[in-house]
Amino acid sequence: HGTPGSGGPTDNNTGYIAPLHTDLIDHDIIYEYEYTLILGDLYDDIRSYVYSNAPEPGPDFVFDRDRQHCLPGDLSDTSPPYSGFWRLTLDSADPKVILPYCRWQACEVPAIYITCAHHTASDQAELFFAGAEGTFSSDRRLTIPVVPDGEVRTYEVDLSLHPLYTGVIKRLRFDPIIAQTAGDVVDLYAITTEQITSAEPERRSIPAPSLGPVVPNPFNPATTISFYLPNESTVSMTVYDTAGRKVRTLINGMIHAGQGEVIWDGRSDAGRPAASGIYYCRLEAGGRVQSRKLVLLR
């Protein structure tokens, strides 16, 4: 974009992926992204592809394994991975969940569906929305009547009823309760633009093969690498050095579904002890690739 060969690293004609909001970084968090490389005319090829393949507008967050980049405010929560829902311990006066920045026209998303279970004394929650300026205010919110019996329910919030819900909408904030009392807990399953049943969040988000903890790490002379397979799969697990050279093949074949683990004894395929340093364990299964850093200290 722009004149070839001109501009600096902060100029508009530099292509980049930029962060839009603050996030919580767990010690074992994994960020995954996909991109499409389109070569061709800007209008006939690139923009036409982008417009025809644009995602559906509005939020679509299912909290079966992680926070979906949502931020907890004035509440306590455990670290992911979760087991089907995000548990919110409401231990302060104004607990909230702030959703990531999105952008949609109010007319495109008239209603939001929140799937949750309230173990609370209060029977009211709130949903705030932010317009083009991206900030929340007390005059842009709707009260949500909830049933505080611990059962999983999906609540429809018809934002189109609010007179200020117009034009560009950038962000939502969910306040699980209005009046907090000691011991209040809410299990949050999903915040979406489509209605789903309480049993659907797990089904909507298909489990993927994943690498688990590496214990110990750093290690000497051996470490155990855990992994999870949702289905029986052909698995390749390989250790590489920092230059990308293969050091050891740990798994290469069909593995049954479920939790598994493998031990690397710090040796190469030829049986020679690897030198101290940083290595990477790479898991390939089910069309997915993940890696973990290993630190060998002799």
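I began with the hairpin of S15 and S16, where four residues lie between the strands and glycine 244 takes a positive phi near 85 degrees. Strands here are DSSP E runs of at least two residues and helices are H or I runs of at least four, numbered from the N terminus. The model is predicted, so I note its terms: local features need pLDDT of at least 70, side-chain atom pairs count only at pLDDT 80 or more, and totals for chains, interfaces and linings use all residues. Residues are numbered from 1 along each chain as its sequence is written, and side-chain values use heavy atoms, with hydrogens and water left out.

I then checked the pairing (at least two DSSP bridges between two strands). S15 (residues 233-241) and S16 (residues 246-255) run antiparallel over eight bridges. Methionine 237 has isoleucine 251 of S16 as its bridge partner.

Next I looked up leucine 37, which lies in the segment before helix H1 (42-52). Leucine 37 counts as exposed because its relative accessibility is 68%, the cut-offs being over 50% for exposed, under 20% for buried and partly exposed in between (1.4 Å probe, protein chains only).

Last came the cores, sets of buried Ala, Val, Leu, Ile, Met, Phe, Trp, Tyr and Cys residues joined through side-chain atoms within 4.5 Å. In the largest, of 33 residues, Ile114, Leu127, Ile144, Leu159 and Leu188 touch the most other members. Strands supplying at least two residues each include S6 (111-119) and S12 (185-192). I found another core apart from it, of 21 residues, among them Leu229, Ile251, Val262 and Ala285.
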